[in-house]
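Hi everyone, thanks for making time this morning. I'd like to walk you through one model, so please have a look at it first.

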Amino acid sequence: APRRLDWAAMHVHRRTADVDGRTRRFLVIAPDNPGPRPDLLLFFHGSLQSGSVMRRFTNGTFDELADATNTVLVYPDGVDRHFNDCRSILPVTARAENVDDVAFAAFLVEEMRREFGTDRTFACGYSNGGQMVLRLLFDAPFNLNRACIFASTLGEGENHAPSNPAGYRPTPLLFFHGTADPYAPYEGGIAGLDAERTRGRVLSAPATAEHFALANGCQPPRDYHPTADVTATAYDGDFPVELWTMEGLGHVIPSSMKTDPRIGPNTDSFRAVDKVREFFGLDDAEA
């Protein structure tokens, strides 16, 4: 059974930094004794969230992961609760003001490397934050060792609009997507909160996984069932891609957390963090 997280004992540092002429905010969850060359995990929140909200939304499971594996965990805050992500259609302040979130992410990587000596860099993102991770895969000046994207798929056609479309470097990727997601449709189509706040057309979750599997030179897919309500499609290779299709689930990150019913059904049959830990190859601190 997962151990209970002692929130009071967590070393949570609320930071600000000037990046690209703007004051940016972020949370750093630091281990007691990170040791030499700890891993770094960046976790990008979804629309209308913040780093603090994401910690609660995932029921503290990623804080727990950082604590157990001596990983430095950073939750960046978007501008006006959004990131300037990978889609051409994004009616939010971060896009209207052309916020350079790629530079912000690069700053965080360099700052954590300077402060903690971090080595491998991982990223997770949910919804708008997942779209931000997609952007980093094309536009970031640094390499992600592996990444996990929740409830986000590639924009379709011209709605896929990174600054450097040819900049993708093969990266192992893990996707989680619910088949009953009301905001980021599993089968593709129009994404967004409603007809007035659309984020344009997006590809399906299977098409997104297949796109990256082809780019990564993966083997043909194989399916397995880690739980009764999940079909995992794995593309093996040097840069593997895996999609967890969560049957009947909504716009969620499974973590045994009760969520707003407006985002669709959740489950307590598994915790996404456990698969992330395995896929990223994060070891126990005691190992």
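I'll go through a helix pair, the nonpolar cores and a few individual residues.

A word on the ground rules. This is a predicted model, where local features need pLDDT of at least 70, side-chain atom pairs count only at pLDDT 80 or more, and totals for chains, interfaces and linings use all residues. Residues are numbered from 1 along each chain as its sequence is written, and side-chain values use heavy atoms, with hydrogens and water left out.

Let's start with helices α4 (residues 101-116) and α5 (residues 128-139), whose axes come within 10 Å and cross at roughly 80°. Axes here are lines fitted to C-alpha atoms, for helices over the stretch in contact, with angles from 0 to 180 degrees between N-to-C directions. Helices are DSSP runs of H or I with at least four residues, strands are E runs of at least two, and both are numbered from the N terminus. On the α4 side the contact (heavy atoms within 4.5 Å) is made by D101, V102 and A105, and on the α5 side by M132, R135, L136 and D139.

L136 turns up again in the largest nonpolar core, which has 45 residues; V74, L136, L137, F212 and V241 have the most contacts inside it. Such a core is a set of buried Ala, Val, Leu, Ile, Met, Phe, Trp, Tyr and Cys residues joined through side-chain atoms within 4.5 Å, and buried means under 20% relative accessible area with a 1.4 Å probe, protein chains only. Helix α4 gives this core its largest share, 8 residues. A second, separate core has 34 residues, including F62 and A151.

Just after α2, N70 takes a positive phi of about 55°.

Now, is H251 buried or exposed? H251 is buried, at 4% relative accessible area, and lies in the loop between β12 (241-246) and α7 (272-280). Its side chain makes a polar contact with the side chain of S127 at 2.8 Å; that term means N or O atoms within 3.5 Å, one able to donate a hydrogen and the other to accept it, with sequence-adjacent residues counting only if both atoms are side-chain atoms.

Last one: T208 sits in helix α6 (residues 205-215) and is buried, at 0%. The T208 side chain reaches the backbone oxygen of S204 at 2.9 Å.

Key
Buried means under 20% relative accessible area, exposed over 50%, partly exposed in between (1.4 Å probe, protein chains only).
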